[in-house]
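Please look over the sequence and the structure shown here before reading on.

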Amino acid sequence: MAQIIEFPKAESNSYQNLSRLIELASDTAVLEFYMEALAVSNEEGSLLPGECETLTEQIRRKRLEVSRPVQKPAVEASDPGLYVYCQEMGEGKPACQIEAERSYYGRHYYLRTPLELRGKGIRLNRTLEEKNLKAADKYKAGWLEYLVTERAFDRLREQYTISMESLLD
């Protein structure tokens, strides 16, 4: 009968120390310092093969984690109007009846809603299907998408709660 013998994974002291320090880091300036320490350790040969790449990836992941903004709670949409939010700044998406997006040239709005809208300047584009939606937008399956003029959008803003994402670029 054969017995499997597991050998302990060999790790250098520099790798173990830097790995622990990177996990505790809470600032990008500190991570930059650890990146320089990693380069020096690699030049001196105090790291085993593959450890430099692993630590570089760990620093990259930690840098992304540290640079993420703190999530703010979404504004409560109680009165009719336009509620603008910016996810890049950590703002939550308000729960509204209609979700709006500006058209490419800025003359119209695309509205997505489960409500049936009618009136001058409001044109039904399509019904959203689950197979055409991203995983995060699956809740919109069956919603209606409208192309709306600016004037019609102003009228709808007085009657419904409308959320619109603002982008930093």
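## Strand β6 and its two partners

Strand β2 (residues 98-102) pairs with β6 in the parallel sense, and three bridges join the two; strands count as paired if DSSP finds at least two bridges between them. Within this pairing, Ala-100 has Met-164 in β6 as its bridge partner. Strand β1 (residues 81-85) also runs parallel to β6, joined to it by five bridges, and here Leu-82 has Ile-162 as its partner in β6. Helices (H or I, at least four residues) and strands (E, at least two) are DSSP runs, numbered from the N terminus.

Four of the five residues of β6 (residues 161-165) are buried, so this strand is largely enclosed by the rest of the structure. Buried means under 20% relative accessible area, exposed means over 50%, and partly exposed lies in between, with a 1.4 Å probe and protein chains only.

## How to read the model

This is a predicted model, in which local features need pLDDT of at least 70 and side-chain atom pairs count only at pLDDT 80 or more, while totals for chains, interfaces and linings use all residues. Residues are numbered from 1 along each chain as its sequence is written, and side-chain values use heavy atoms, with hydrogens and water left out.

## The sheet as a whole

The strands form an open sheet of six, in the order β1-β6-β2-β3-β5-β4, with mixed pairing. At the edges stand β1 and β4 (122-127), each with a single partner strand, so one side of each is left without a neighbour in the sheet. Neighbouring strands of this sheet are turned by 30 degrees against each other on average, direction ignored; axes are lines fitted to C-alpha atoms, for helices over the stretch in contact, and angles run from 0 to 180 degrees between N-to-C directions.

The antiparallel part of the sheet includes β2 and strand β3 (residues 108-113), which pair over four bridges. Across this pairing, Arg-102 stands opposite Tyr-109 in β3, and Glu-101 stands opposite Tyr-110 in β3. The hairpin of β2 and β3 has five residues between the strands, and in this hairpin Gly-106 takes a positive phi near 85 degrees. On to the next strand in the order, β3 and β5 run antiparallel and are joined by six bridges, with Leu-144 in β5 as the bridge partner of Thr-113.

How are two packed helices described? They are described by the angle between their axes and the distance between the axes. Helix α1 (residues 13-24) packs with helix α2 (residues 28-44) at an angle of about 170 degrees, and their axes are 11 Å apart. The two helices are therefore roughly antiparallel to each other, since angles under 35 degrees count as roughly parallel, over 145 as roughly antiparallel, 65 to 115 as roughly perpendicular and the rest as oblique. In this contact (heavy atoms within 4.5 Å), Ser-14, Leu-18, Leu-21 and Ile-22 in α1 meet Leu-31, Tyr-34, Ala-37, Leu-38 and Ser-41 in α2. By class, the residues of the contact of α1 with α2 are seven nonpolar, two polar and no charged; Ala, Val, Leu, Ile, Met, Phe, Trp, Tyr, Cys and Pro count as nonpolar, Asp, Glu, Lys and Arg as charged, and the others, Gly among them, as polar.

The axes of α2 and helix α3 (residues 51-67) come within 10 Å and cross at roughly 175 degrees, and α2 and α3 are therefore roughly antiparallel to each other. The residues that α2 brings to this contact include Leu-31, Tyr-34 and Leu-38, and those from α3 include Leu-55, Ile-59 and Val-66. The contact of α2 with α3 holds eight nonpolar, three polar and three charged residues.

## Single residues in the helices

Gln-58 has its place in helix α3 and is buried, with a relative accessible area of 8%. A polar atom of the Gln-58 side chain lies 3.1 Å from the backbone oxygen of Ser-19. Leaving aside neighbours within four places in sequence, Gln-58 is in contact with Ser-19, Ile-22 and Glu-23.

Ala-29 is found in helix α2 and counts as partly exposed, at 48% relative accessibility. Ala-39, also found in helix α2, is partly exposed with a relative accessible area of 37%. From C-alpha to C-alpha, Ala-39 and Ala-29 are 16 Å apart in space, and they are ten residues apart in sequence.

Technical notes
Polar contact = N/O pair within 3.5 Å; in protein donor to acceptor, adjacent residues only side chain to side chain.
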